[in-house]
Amino acid sequence: MSGPGSSPNEKVVKQNEDPGDPFSEFTNAHVPAGSPETRLLSAFKNDTHTRKAYLAGRGKSAWKTFELRLVRKIKQQRSTDPTSRPEYPSSLGLTEFTRRATEVALGKSSRAIMEDRVLGVQTPGFTAAVRLGAELLRHWYDVCAVWSGPVYLSSPCDDSLAGIFQAAGIQDIRDYYYWDDTQRNVCLEKLLEDLSKAPQQSVVVLSASAHYPTGADLSQNQWAVIANVIMRRRLFPFFLLPPQALCYGDLERGSWPVHYCASQGMELLCAQSFSHCFGLYGEAVGHLLCVLKQNSLLFSMESQAVKIVRSLWAQPSVGGAHVVATVLSNPGHLIEWKEEVKCIVERCMLIRELLRERLRLLGTPGCWDHLTQQGGLYCFIGLNGEQLEFLSKKRHVYLFTSGCLNVSAINSRNLDYIVESIHLAVTTSF
Amino acid sequence: MSAMSVFFEVPQAAPVAVFKLSQDFNNDQFPNKVNLGVGAYRTDEGQPWVLPVVKKVEKVIVHDDSLNHEYLPILGLPDFRSSASKIALGDDSPAIQENRVGAVQCLGGTGALKMGAEFLSRFYNRNKNTKTPVYVSAPTWENHNAVFANAGFEDVRPYKYWDAEKRGLDFAGFLGDLESCPEHSVFVLHACAHNPTGTDPTQEQWMQIAEVMMRRKLFVFFDSAYQGFASGNLDKDAWAVRYFVSLGFEMFCAQSFSKNFGLYNERVGNLTIVAHDADNLKRVLSQMEKIVRTTWSNPPSQGARIVAITLNSPELFTEWKDNVKTMAGRVLLMRAQLKTKLQALGTPGTWDHITEQIGMFSFTGLNPNQVEYMVKERHIYLMASGRINMCGLNSKNIEYVAESIHEAVTKVQ
């Protein structure tokens, strides 16, 4: 399992201390280890085994039908629309998109929305939303106190998160207890312990649903307790909501923690992605929302967000956001989309059931209940490093290095082989 | 629970001048209002223009079943990156043949500048040397400062460029700054169609600039947002960039396809990297990947696809060059007509600079009072610097604008 904030091995290829070296301006740039995903994909591509399986992708294959029907229809309409104007969009993005994206996270009847104290900014993807949130915090979180962290990330978490905060200038990154290996679930007690010890004004990054990489989420009761600690300790919640609907097939259930905290009157940031749940991976559709305590702050926060955006990417791209906005504002499209999401989610749940059942039938040691207790596209299988290496090297089955796998990459053709492989990984002694 | 927001003392940031101008223009009810502010192309009917070739390619993309919608690689669409670099450096560029040219697809020209700035702030002139001065022209595109400052550079300074009195390039001043700045300083150069002055160095002047930069080990960072738009000819507009490459410079070139493809809202940019050798290039690109991963992770595909398909098909490429010529041609026509009308009106002063300047913008030489008169009394919106976007002129409003300039110059001091 990768811990947050661990820096990759850096191999110094050629280092020359003299800046006057005539050879190159770029001498000081050494090769970092490639990202784990790049290496994995590379290994998979070079693998010639006939039964190889890549379970470390991001799940595009799930969307083929939807993409062919509705998304394409919308894109065609846009390309023939005489009123579409090629000019710079606002730095905040398409208004219709940010409006819908905000509603989808907070719920249409959210008090925060009705009181007009929510800032919504379209961003080029999820990473960009996190980056923008990090920059806003670094520049503007408690102006008097010259805040510079700490930011708490779950253990484990997406290993790119720490780098994003650091790139925004926040160096103090820490982790809080989340996944417990023995329980194969979240350990709330230890989580709360860590949060209770966090200094006031710490930022806490929380997965609203479909936690990556574990897939293990908190119950509503647990969220209520956590929210209490956050309020009591004056911590600041930064929610991650990448595959919102893909966990339960239900938009509202996926964003419940965000609704709840907003309804408690808390301020929060929330980074959303529409790439996953609209099959628009290539279009970089993200959103950052900020719930403020007072509407009087909205204009200044908006103006500062624009200023930061101008120095990062100036304006976001509109294509993907247009598709999302169109789907979310049209009741007919919305129904069609929800149906599609439901299918994908049900399929994922079915695969999880099958995985669990087959492992049980094989008598694979250990408890596999967590497979069906978790939800969403990603599943934390619970294997250790050696077992994972066995899977890729000996069985040509590739999982994320965190031990997480993409459920939607499993199908009737490879299920048996994969189950068998997992069984062997667990039972082989190393 | 505290009722105080953690953001309670956040001040209002100044609005972006050029967009505020457009907003004011939109709110103006005057029937003959004219918008000469924002830098986007407009047809003679005053409308934005979807390039015919772009429309064609969009249809191709939308009907192409084989295109998947996977995330693009972190560095972007390979076809786009290579063809975009070729456009800047030339098909037969020896640097490309020597495998020492690479690129990063970015979110528009801004994104390309951002990536370059972030890289330099980490790895240039010894590691993390954010005290290295970064020079931007006086004046320059107002966002240059913000991009480099936000990337961590502590010392962003102006280099002499515009001579307001003679309404031209202050070449002696420019050279002077090049000679006296600290070695290894970074210089942001406008590849062509300087924004906002429309005044470019001549080829001889570029040669002199290059000589000093080579001798004093200054870093070359080209900003190329108007290739094709300046003269109507892609190669001519890329002359300075190619000249520097031919001298053996390592450099960054931030390219934007917003204007020359009319893809303002798809955010299509490319950071072209010319390194000393393939090994250096490889290392630079690997570090760029890391930087991209913490900013937007994967760039958007639509715009890059359109550009890549166009540039890689001989027919579409020809059609595109034609579309670009149309735009550049209209600008040249407006320049000629404006100058003629001002001369016919007997407007005091010389107006040669209007046709001598190049690209979308013209630095009219109107002072702030005169600009205010134009905006408030005549409902003609231009930047406080006196910069006008020639694309905002058309056959219906050019008389009115010429007359207004005449009034401003004769009535207002």
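The model is predicted; local features need pLDDT of at least 70, side-chain atom pairs count only at pLDDT 80 or more, and totals for chains, interfaces and linings use all residues. Residues are numbered from 1 along each chain as its sequence is written, chains are lettered from A in the order in which they are written, and side-chain values use heavy atoms, with hydrogens and water left out.

The contact (heavy atoms within 4.5 Å) involves 91 residues of chain A and 82 of chain B. The size of an interface is often given as the accessible area lost when the parts come together. Here the two chains bury about 7,400 Å² between them (1.4 Å probe, summed over both parts). Carbon and sulfur atoms hold 56% of that area.

Between chain B and chain A there are 5 salt bridges (a side-chain nitrogen of Lys or Arg within 4 Å of a carboxyl oxygen of Asp or Glu). A:Arg310 and B:Glu142 form a salt bridge through their side chains, at 2.8 Å from N to O. Several elements of chain B give two or more residues to the side that touches chain A, among them helix H2 (52-62), H6 and strand E10 (268-274). Helices are DSSP runs of H or I with at least four residues, and strands are runs of E with at least two, numbered from the N terminus. H11(B) provides the largest share, 9 residues.

Helix H6 of chain B spans residues 143-150. Its buried residues (under 20% relative accessible area, 1.4 Å probe, protein chains only) include B:His144, B:Val147 and B:Phe148. Just after H6(B), B:Gly152 has a positive phi of about 110 degrees.

Methods:
Buried means under 20% relative accessible area, exposed over 50%, partly exposed in between (1.4 Å probe, protein chains only).
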